[in-house]
Amino acid sequence: MSNDVAVEARAACKVYGQGAGAVTALGGVSLVIRKGEFFTLLGPSGCGKTTLLKLIAGFESPSSGQILLDGQDITFDPPNTRPVNTVFQSYALFPHLTVAENIGFGLKMLGRPKAEVAETVTRMLALVRLEKMADRKPVQLSGGQQQRVALARALAPAPKVLLLDEPLSALDLKLRKEMQIELKRLQVETGITFIFVTHDQEEALTMSDRIGVMQAGHLLQVGDPRTIYTRPANRFVASFIGESNFLTGTLSGSDLTLDAGPRMPVERADNAPVSGHVTAAIRPEQIRISSDAGSGIAAKVLDTVYFGTDTHCVLALSDGTEITVRLQSPVSGDVGLQTGSQVTLTFEPGALIVLPEVA
Amino acid sequence: MADRSFSISRLPGFATIAVIVFVLLYLPIAMLVIFSFNAGDSVAIWEGFSLRWYPEAWQNEAVKAATLRSLQVATAASLIATGVATMAALGTTRRRATRGQSFVYVMINQPLMVPEIVTGVALLIFFSSIKVITGYQGLGYLILAHAAFCTPFAYLPIRARLEGMDLALETAAADLYASPWQTFRHVTLPLVMPGAVAGLMLAFVTSLDDVVITEFVKSAGQDTLPTYMLAQIRRSVSADINAISTLLLLLTVVLLTAFFLLTRKRT
Amino acid sequence: MSTPMDPKARAEVRRGWLLSAPALVLLAVGASGPLLIMLVYSFLEAGQYGNVEWVISFKAWFNVVMTRDIFDGTLGFADAHLTIFWRSAKLAFLTTVFCFVVGFPTAWFIATRTPSMRTALLFLITIPFWTNLLIRTFAINQIIRNEGFLNTGLLYLGIIKEPIVMLYTDFAVFIGMTYVYLPLMVLPLFAAIDRFDMRLLQAGYDLYASRWQLLRHVIVPVVKPGIISGSILVFIPALGAYVTPRILGGGRNMMIGNFIELQFGQGRNWPLGAALSVVLLVIVSVALIVYTRFATGGQDKSHG
Ligand SMILES: Nc1ncnc2c1ncn2[C@@H]1O[C@H](COP(=O)(O)OP(=O)(O)O)[C@@H](O)[C@H]1O
Ligand SMILES: [Mg+2]
């Protein structure tokens, strides 16, 4: 069991500064990352993602708690003794060294024979498709190429874990999409455990085996992308990953009587209350609109906004709650919903999920 | 940049004054250089081209000794200054500003803020006591004084270099298994090097050009080239001073051009 | 500032001090420390053959401004000293003003060139700044001396019959100091003008200002920090000038710097020389404090 674990954080706390100016960057995070998985830390800026990576890399030591690598306590080991490598957000390529020297840096510091270093560098250059750039200096490379050098440099010493701190955030959209695919390929090819940090939920959903959602120094939910998206553990996760509409009502059994009227079937998230007045979430793309009055929730169209492939329709329920519905834009014409018109909203059972109360 | 087709930034007479300033700035120096090749010994009447003043100056034992002494002092002083300035720059940059840091900064820049004559007098007083106590009369005093006032000149480019350096580079080195010493040796030092070389050159030029402090600190028979020239100019003007000046100017311009290219390349 | 630090930060601070220590020692021994010893010397008696007697005395300070008549022992102002102070202040001031008058158009000219031209012109200004002050002063000496280039030329052209005596006058010192310190005025002025937003001029013209009004009401106020830095950078070395008055002013037209030197040479009055140096240092420090207050708008202080 435990030899399946790559990295483990046990109640890791990090407080920067002391006294009145102290900032709690991590408030006791416990986390298990499995060998060979692509794990993503997702959360808004300032929630402590970088800090957690620094504790694993050894650039900072925790105020309390432990970090384990392969079951061994490495909490206070200096970074140069940990078989963990980092791809920095700024790349941090050595400007005075060539691409090849950058990639070979780690192995050279480890004192590996020259031939082995040269061989690995050649292999890494091929892996990131930069064979022709070996003798260039970093300034002579484009942003995307620098990114790949940073990757190759971190992969060259074959670390047990690769840490990537928002590595794609400096790239433009098109390049970012390409690099997402490239990163995933590299991870599969090398089999190395990746811990990837991003604040971009789409990036997290498309690339990860599992995602850990963080907020304000705490880990809120860990799970595979589908679970995170369809079964958000709380209101923060539901609104941070994708968009959500929130409805209130009274729960009894598996039925929710909405404050806006009708009684609808619901699912319950873990730790959600079993009865009483509750909040439930539903994704905008899981709601359907029909113009004939039938069984469903009555609503009034407030506005429709064209987004290209999608059209967003904003509606108001009878109790005033605003709901956004995402529709596919038709090939020609608009979605045919007049502002002010009365419609009925329906959805599949299981789309509406009761969330735990906010602590 | 402003739209210049409008010529909105042109102010009447400014260009004329500027051109005159540039001409007048270089005219005296140009005359001095030109007349160092004068066949006659006038500094105003051209009597034909000749290189006679150069060998003549060099055959003067006093000039030779002063030149060697100048180079000796400048080399030693600029090396010391660059060494301590590099260390100080490593100790004062790339971290949170503290009160101690600005103290170091003020101390290092102090020679720039005190008139040279005052520093000269203070050193004369201080060293005269030391000379009495220790009996040592050597070049050490000059080297020490020069090293001190050259330190700010060495410090500035090194500090600028370090401040422009990405802090993550050293973290990256540690991440890639470099020990603190290896990090210094393979990352920090090579990156600081251009700054240190630039600092060394500025310090060298500064030391080589100093007159006032040297005049006060030197013991008898310790003339450097500038103090030798100062004494000569007061006595009489002979054209070999022009030759010496020309060579000194040439050395300065070469070092400065190198400095300029060195510091410009990275931007 | 007094927030306690974690061990890592404290180790970093200690490392900073250790690395700075050699520089601090060097400067304490080779620059700052001797200033304190100099202060002590200003309160001692002059020795008969130079140096000092270790007797506390305020004579040197007294002598800075007052003198006792050799014949009747009455007390009076030391006119010779005051003349030298006055000449130094006057020359330094005139030099500063004239440097500004020609330096401002020059800096403006440089700042409004194309980037490559700008770099070249700046380099041209920087070279004299770094080249030997002695050589530059000497070059002026050669131009203006009686048998120098200027007089020879004028005589040759028949404009004058007798050489004009320029060397060893206050005028020569003024011209020489303007020449050697001009780069110190142009560089900070350039830096300030370079940051000046030329669109302000468009706005000014748009509001019916003449060129002169623009200069007076828009440009000068905006580049004021540069003007102050440049003025201080010229005034301080001009006030303490030693080489230029010595080579161009001769023995009679001394400035403070030369007068101080005299006390350590023929004057054999080290305490007076020390006291005069302290006076000069105080004047310069006041100028520097004024400079940091005005030129940086007092903002620098918050970095402490
Ligand atoms: N060296 C530091 N000193 C003080 N506070 C810090 C330091 N590094 C990070 N913080 C604070 O800790 C919190 C978490 O930061 P970080 O881990 O960088 O967040 P993220 O990477 O998720 O954006 C933030 O509030 C940040 O301001
Ligand atoms: Mg971060």
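Buried area is the accessible area that two parts lose on being put together, summed over both. In this predicted model, the area buried between chain B and chain C is about 8,100 Å², and carbon and sulfur atoms account for 78% of that area. Chain B brings 90 residues to the contact, and chain C brings 87 residues.

One salt bridge is counted between chain B and chain C. The salt bridge joins the side chains of B:Glu215 and C:Arg246, with an N to O distance of 3.5 Å. On the side of chain B that touches chain C, helix H1 (residues 14-35) of chain B gives the most, with 13 residues. That side of chain B comprises 64 nonpolar, 16 polar and ten charged residues.

Oxygen atoms of ligand 1 are approached by both backbone and side-chain atoms. A backbone N or O atom lies 2.6 Å from an oxygen atom of ligand 1 in the case of A:Gly46, and 3.2 Å from an oxygen atom of ligand 1 in the case of A:Cys47. For A:Thr51, a polar side-chain atom lies 2.5 Å from an oxygen atom of ligand 1. Ligand 1 exposes 560 Å² when taken alone, and the protein buries 61% of that.

How values were computed:
Residues are numbered from 1 along each chain as its sequence is written. Chains are lettered from A and ligands numbered from 1 in the order in which they are written. This is a predicted model: local features need pLDDT of at least 70, side-chain atom pairs count only at pLDDT 80 or more; totals for chains, interfaces and linings use all residues. Side-chain values use heavy atoms; hydrogens and water are left out. Contact means heavy atoms within 4.5 Å. Buried area is the accessible area (1.4 Å probe) that two parts lose on being put together, summed over both. A salt bridge is a side-chain nitrogen of Lys or Arg within 4 Å of a carboxyl oxygen of Asp or Glu. Helices (H or I, at least four residues) and strands (E, at least two) are DSSP runs, numbered from the N terminus. Ala, Val, Leu, Ile, Met, Phe, Trp, Tyr, Cys and Pro count as nonpolar, Asp, Glu, Lys and Arg as charged, and the others, Gly among them, as polar. A polar contact is a pair of N or O atoms within 3.5 Å; within protein, one must be able to donate a hydrogen and the other to accept it, and residues adjacent in sequence count only if both atoms are side-chain atoms. Accessible areas come from the Shrake-Rupley method with a 1.4 Å probe; for residues, only the protein chains shown count as cover.
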